[in-house]
Amino acid sequence: KDGYNSEQGQAARTAVWSGAVKVGEKVGEKTKAAAESERGQAAMASAASGASRLASAAANKAIDSGALQSDAARQAAQKGLNAAAAQATGGKVTSVDPSVTTAMLKHADENRDQTKAIVRGAMDQAAKK
């Protein structure tokens, strides 16, 4: 304990910490360079593409299970439509009639293949960003 609290102990801990920070900086620089390399970019694009496929598969499963008819889907769609209307009109229209949401979800549910294609396209676009 005395050695740990002594000046020499503190100096040793400072030296070790300083060395660890320098190593961490070098690792960070190498990691950044690897990420910016062509192979790094390709690896990140591949990972994003894989994540997009998984998300699309999950969305397809949800669509096929009738999730578009759930209260949660109605609430989320209503919030999204309200926000879109407010943004598009500069705040002059802040809410959309719930019948629009119901009709939109009904159409999406009745046209599941088309809905899945739209979701897949959106996931692919998100993965490219």
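Trainee: Which residues does Ala-108 touch, not counting residues up to four places away in sequence?

Mentor: Ala-108 touches Leu-68 and Thr-115 once those close sequence neighbours are set aside. Keep in mind that the model is predicted.

Trainee: Which residues make up the largest nonpolar core?

Mentor: The general idea comes before the case. In soluble globular proteins, nonpolar side chains tend to be buried together. Here the largest nonpolar core has 6 residues in all: Ile-63, Leu-68, Ala-73, Ala-77, Leu-105 and Ala-108. Two elements, helix 4 (71–88) and helix 5, each give two or more residues to this core.

Trainee: How many helices and strands are there in the protein?

Mentor: The protein has 6 helices and 0 strands. Along the sequence, that reads as the pattern α-α-α-α-α-α.

Trainee: What share of the residues counts as buried?

Mentor: Of the protein's 129 residues, 17% count as buried. The accessible surface comes to about 9700 Å², and carbon and sulfur atoms account for 59% of that surface.

Trainee: Among contacts between residues at least 6 apart in sequence, what share joins residues at least 24 apart?

Mentor: The share in this protein is 57%. Asn-60 and Lys-116 give a case to look at: they are 56 residues apart along the chain, and 5.9 Å separates their C-alpha atoms.

Trainee: At what angle do the axes of helix 5 and helix 6 cross?

Mentor: The two axes cross at roughly 100° and come within 5 Å. Angles of 65 to 115 degrees count as roughly perpendicular, and helix 5 and helix 6 are therefore roughly perpendicular to each other. On the helix 5 side, the contact is made by His-107, Ala-108, Asp-109 and Glu-110. Helix 6 contributes Arg-112, Gln-114 and Thr-115.

Trainee: How many salt bridges does the count come to?

Mentor: Side chains of opposite charge can pair when their charged atoms come close. The count in this model comes to 4 salt bridges. Among them is the one in which the side chains of Lys-116 and Asp-64 meet, at 2.8 Å from N to O. Lys-116 lies in helix 6 and Asp-64 in helix 3 (residues 38–64), so the pair ties together parts that are 52 residues apart in sequence.

Trainee: Is Lys-116 buried or exposed?

Mentor: Lys-116 is buried, because its relative accessible area is 14% and the cut-off for buried is under 20%.

Trainee: What else is Lys-116 in contact with, leaving aside its neighbours within four places in sequence?

Mentor: Besides Asp-64, Lys-116 is in contact with Asn-60 and Ile-63. Lys-116 itself is found in helix 6, residues 112–128, while Asn-60 is found in helix 3. Asn-60 is buried, with a relative accessible area of 17%. Not counting residues up to four places away in sequence, Asn-60 touches Arg-120 as well as Lys-116.

Trainee: How far apart are the closest N and O atoms of Glu-110 and Lys-106?

Mentor: The closest N and O atoms are 3.8 Å apart, and the two residues form a salt bridge. Glu-110 and Lys-106 are 4 residues apart in helix 5 (residues 98–110), and so are separated by about one helical turn. Glu-110 is exposed, with a relative accessible area of 54%. Lys-106 is exposed too, at 51%.

Trainee: Which residue does Asp-109 meet in a salt bridge?

Mentor: The side chain of Asp-109 meets that of Arg-112, at 2.9 Å from N to O. Asp-109 counts as buried, at 12% relative accessibility. Arg-112 is partly exposed, with a relative accessible area of 26%. Both residues also belong to the contact between helix 5 and helix 6, Asp-109 on the helix 5 side and Arg-112 on the helix 6 side.

How values were computed: Residues are numbered from 1 along each chain as its sequence is written. This is a predicted model: local features need pLDDT of at least 70, side-chain atom pairs count only at pLDDT 80 or more; totals for chains, interfaces and linings use all residues. Side-chain values use heavy atoms; hydrogens and water are left out. Buried means under 20% relative accessible area, exposed over 50%, partly exposed in between (1.4 Å probe, protein chains only). Contact means heavy atoms within 4.5 Å. Accessible areas come from the Shrake-Rupley method with a 1.4 Å probe; for residues, only the protein chains shown count as cover. A nonpolar core is a set of buried Ala, Val, Leu, Ile, Met, Phe, Trp, Tyr and Cys residues joined through side-chain atoms within 4.5 Å. Axes are lines fitted to C-alpha atoms, for helices over the stretch in contact, and angles run from 0 to 180 degrees between N-to-C directions. Angles under 35 degrees count as roughly parallel, over 145 as roughly antiparallel, 65 to 115 as roughly perpendicular and the rest as oblique.
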